[in-house]
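Please read the following briefing beside the sequence and the model.

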Amino acid sequence: MAGDASDFYRLADDLAKVPAKSIPALRSGMTAAGKAVERSWQNSARQVHGGSSHFYPESIDSEILPGFSSVTVEIGPNSAKKQGFLGKILEQGGERSPAYLLGLSALTGAEGPTERIIDQAMNPLFP
């Protein structure tokens, strides 16, 4: 089989550029996925929690955590926000309250959409 290796060298060069471009693309995709889970969790919390914990849904937020070799999104009640401290009690239950696990439900429901968001962010990077 005869031929030249220029196609292989071009492909190798293209693939070498993927890691540098992947972090911004992944960060963008994970930010969008985090916001989607945040909104879903907030909406469920609004439906379930009212009365004395009506500020709790607004304490749920998402944030990208910087890292060298990973892109991480933290999603959940922010204790710095009004009623954010209720997260552990309302989500995991307490002595006098059931565990609602709304965050787990929001995350489980986001698996398919998150995969699509990441795929859309990463797909243009591959030749």
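**Briefing on the predicted model**

L101 is partly exposed, with a relative accessible area of 41%, where partly exposed lies between buried, under 20% relative accessible area, and exposed, over 50%, for a 1.4 Å probe and protein chains only. This is a predicted model, in which local features need pLDDT of at least 70 and side-chain atom pairs count only at pLDDT 80 or more, while totals for chains, interfaces and linings use all residues. Residues are numbered from 1 along each chain as its sequence is written, and side-chain values use heavy atoms, with hydrogens and water left out.

**Overall make-up**

- The secondary structure comes to 5 helices and 2 strands, where helices (H or I, at least four residues) and strands (E, at least two) are DSSP runs numbered from the N terminus.
- Along the sequence the elements follow the pattern α-α-β-β-α-α-α, and buried residues make up 28% of the 127 residues in the protein.

**Positive phi in two loops**

- L101 sits in the loop between α3 and α4, and L101 has a positive phi of about 55° although it is not a glycine.
- Q83, which is likewise not a glycine, has a positive phi near 65°; Q83 is placed in the loop between β2 (72-77) and α3, and it counts as buried because its relative accessibility is 12%.

**The largest pocket**

- The largest pocket holds about 150 Å³ of space, a pocket being an open set of points on a 1 Å grid over the protein atoms alone, where a 1.4 Å probe fits, with protein on both sides within 12 Å along at least five of seven lines.
- The volume is the space filled by probe spheres set on the points, which are joined across faces, edges and corners.
- The lining, meaning residues with an atom within 4 Å of a point, consists of P77, G84, G87, K88, E91, Q92, L101, G103 and L104.
- Both α3 (87-92) and α4 (102-109) supply at least two residues of this lining, and α3 gives the most, with 4 residues.

**The largest nonpolar core**

- The largest nonpolar core has 10 residues, namely V37, W41, A45, Y56, I60, L86, L90, L102, A106 and A110; such a core is a set of buried Ala, Val, Leu, Ile, Met, Phe, Trp, Tyr and Cys residues joined through side-chain atoms within 4.5 Å.
- Helices α1 (6-48) and α4 each supply at least two residues of this core, and α1 gives the most, with 3 residues.

**Helix α5**

- Helix α5 (residues 111-122) has 12 residues and should span 16 Å at 1.5 Å a residue, which agrees with its end C-alpha atoms being 16 Å apart; the expected span is 1.5 Å times one less than the number of residues.
- I118, A121 and M122 are the buried residues of α5, and because they fall within an arc of 90° seen down the axis, they line one face of the helix; the arc is that of the directions from the helix axis to the C-beta atoms.
- R116 and Q120 are exposed on the other side of α5.

**Strand β1**

- E63 lies in strand β1 (residues 60-65) and counts as partly exposed at 45% relative accessibility.
- Although E63 and V73 are 10 residues apart in sequence, their C-alpha atoms are 5.5 Å apart in space.
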